[in-house]
Amino acid sequence: MVRVKHRYILVQIRCNHRPESEPVSIASYALQVYLRQQIERYYGEFGIASMLRLNVIYFNAKTHLCIIQSRHGPHRFITSILPLLTLAGTDMARYRTLYVGATLQQCNKFIIKYQQRYINKTIGNYRGLVQKQKMIEEVTKMKKL
């Protein structure tokens, strides 16, 4: 028997008309449907047939990070069209591939490092201790969709 291998693609979604600090909320189902439409547009029936196991499993609105799960092999279709995508829900957006990993644990390690850098960069903008703690809590919150 051959096991099914997955790839986890860590993506940063930035809306063009919003500041970096403003949270973005996108429904996971809407993002899946949009990805499937664009894969079908660029790769046709073969591309959409290979995306039977496409899931959005994590999204952090504060840091704009998203984890997309797909099968090994067809994950290349997703990574190749991500720079071409322009919408996030109803807003104009840019998609950046930050990391492609074989396990969810490796993606989580990368997210922790990325969030630590984000906290170090933005912590100076907050004055009070309560505000700083609230910001750190919002950034490090891991919410499964």
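These legends describe close-up views of a predicted model. Residues are numbered from 1 along each chain as its sequence is written, and side-chain values use heavy atoms, with hydrogens and water left out. Because the model is predicted, local features need pLDDT of at least 70 and side-chain atom pairs count only at pLDDT 80 or more, while totals for chains, interfaces and linings use all residues.

**View 1. The largest nonpolar core has 24 residues.** A nonpolar core is a set of buried Ala, Val, Leu, Ile, Met, Phe, Trp, Tyr and Cys residues joined through side-chain atoms within 4.5 Å. Buried means under 20% relative accessible area, exposed means over 50%, and partly exposed lies in between (1.4 Å probe, protein chains only). Ile13, Leu31, Ile68, Ile78, Leu82 and Tyr95 touch the most other members. Two or more core residues come from each of these elements: strands E1 (6–15), E2 (55–60), E3 (65–71) and E5 (91–101), and helices H1 (28–49) and H2 (75–81). Helices (H or I, at least four residues) and strands (E, at least two) are DSSP runs, numbered from the N terminus. A second, separate core holds 10 residues, including Tyr58, Ile67, Leu98 and Ile111. In soluble globular proteins, nonpolar side chains tend to be buried together.

**View 2. Ile13 and its contacts.** Contact means heavy atoms within 4.5 Å. Neighbours within four places in sequence are left aside here. Ile13 then meets Ile26, Leu31, Phe59, His64, Cys66, Ala88, Ala93, Arg94 and Tyr95.

**View 3. His64 sits in the loop between E2 and E3.** His64 counts as buried, at 1% relative accessibility. Its phi is near 65 degrees, a positive value in a residue other than glycine. Most residues other than glycine have a negative phi.

**View 4. His6 belongs to strand E1.** Is His6 buried or exposed? His6 is buried, because its relative accessible area is 18%. Leaving aside neighbours within four places in sequence, His6 contacts Arg53, Gln69, Ser70, Arg71, His72, Gly101 and Ala102.

**View 5. Arg36 and Gln32 both lie in helix H1.** Arg36 counts as partly exposed, at 25% relative accessibility. Gln32 counts as buried, at 15%. Not counting residues up to four places away in sequence, Arg36 touches Ile48, Met51, Leu52 and Leu54. Arg36 and Leu52 are 16 residues apart in sequence, and their C-alpha atoms are 9.6 Å apart in space.

**View 6. Helix H3 (residues 104–122) packs with helix H4 (residues 129–140).** The angle is about 155 degrees, and the axes are 10 Å apart. Axes are lines fitted to C-alpha atoms, for helices over the stretch in contact, and angles run from 0 to 180 degrees between N-to-C directions. Gln115, Tyr118, Ile119 and Thr122 in H3 meet Met135, Ile136, Val139 and Thr140 in H4. By class, this contact has five nonpolar, three polar and no charged residues. Ala, Val, Leu, Ile, Met, Phe, Trp, Tyr, Cys and Pro count as nonpolar, Asp, Glu, Lys and Arg as charged, and the others, Gly among them, as polar.

**View 7. Ser21 is in the loop between E1 and H1.** Ser21 is partly exposed, with a relative accessible area of 46%. Ser21 and Leu129 are 108 residues apart along the chain, and 18 Å separates their C-alpha atoms.
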